[in-house]
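Work through the exercises below with the structure at hand. Each task is followed by a solution in steps.

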Amino acid sequence: MTDEEIRSAVAADVPVVKAVIDAAFHPYIERIGLVPAPMEADHAANVAAGRVFVTGEPMTGLVVVEEREDHLYLDIIAVHPDAHGKGIGRRLLHFVDARARELGLLEIRLLTNALMWENQKIYPRYGYEVAERRVEGPYDRIHYRKRLV
C-alpha cells in the first residue's frame, strides 16, 4: 500500500487503529476535561463491521464511517500528529465523500466536541455546515452536515 491509498482495515490493524486514534485525540483530554469518545470506541467491532478505512504504511490516518438510512455518518477521522500537514485529512474527507456517493447517500453527518475548535475551522472548508449544537451527557457537541450534489 502506498501513502496515497485508502483501504479497508483488517483485524490485524486494530492495535494500530487504536494507537493512531489515541495519538490524535490524546491532546484534547486536558482541554475538554475527559477522554474523547473516539478513544473509547470499540475499534475491533468497527473493523469487523467494515466501518474503518486506513491510509499510510505505516498507518498515518483513518476514518470510521457508518452507513445510515439517509446519510453516511463520519464517526471518527484521525491523523497521527507526526503526519499533520501532509494532506492526509483532506484525502480522507474526499474519500468519505466518494464513499457516500458510492453508497447512493447524498448527505454526510459528523460531530465534534465544541472545545476542539480546530475542527470548527476545518469542516466548513470542506462544505460542512453546522446543523446544531447540543450537550449530550458530559460532551458539548457541534453537529455538522454536508449535502452532496
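The model is predicted.

**Exercise 1.** Classify Tyr-128 and Arg-145 as buried, partly exposed or exposed.

Solution. Tyr-128 has a relative accessible area of 4%, so it is buried. Arg-145, in strand S7, has 26% relative accessibility and therefore counts as partly exposed. Arg-145 is also in contact with Tyr-128, as well as with residues including Glu-107, Arg-109 and Glu-129.

**Exercise 2.** Describe the largest nonpolar core and the place of Leu-74 in it.

Solution. The core has 23 residues, and Val-63, Leu-74, Val-96 and Tyr-128 have the most contacts inside it. Strands S3, S4, S5 and S7 and helix H4 each supply at least two of its residues. H4 gives the most, with six residues. Leaving out residues up to four places away in sequence, Leu-74 touches Val-63, Val-96 and Tyr-128, among others. A second, separate core has 19 residues, including Val-20 and Leu-62.

**Exercise 3.** Assign a geometry to the ring pairs Phe-53 with Phe-95 and Tyr-123 with Tyr-128.

Solution. Planes under 30 degrees apart are stacked, those over 60 are edge-to-face, and the rest are tilted. For Phe-53 and Phe-95 the centres are 5.0 Å apart and the planes stand at 50°, so the pair is tilted. Phe-53 lies in strand S2 and Phe-95 in helix H4, 42 residues apart. For Tyr-123 and Tyr-128 the values are 5.7 Å and 65°, which is edge-to-face. Ring pairs join these two tyrosines and Tyr-144 into a cluster.

Definitions and conventions: Residues numbered from 1 in each chain as written. Predicted model: local features only at pLDDT ≥ 70, side-chain atom pairs only at ≥ 80, totals over all residues. Heavy atoms only, no water. Core = buried A, V, L, I, M, F, W, Y, C linked by side-chain atoms within 4.5 Å. Buried < 20%, exposed > 50% of the residue type's maximum accessible area, 1.4 Å probe, protein only. Helix = DSSP H or I, 4+ residues; strand = E, 2+ residues; numbered from the N terminus. Contact = heavy atoms within 4.5 Å. Phe/Tyr/Trp six-rings, centres within 6.5 Å; stacked < 30°, edge-to-face > 60°.
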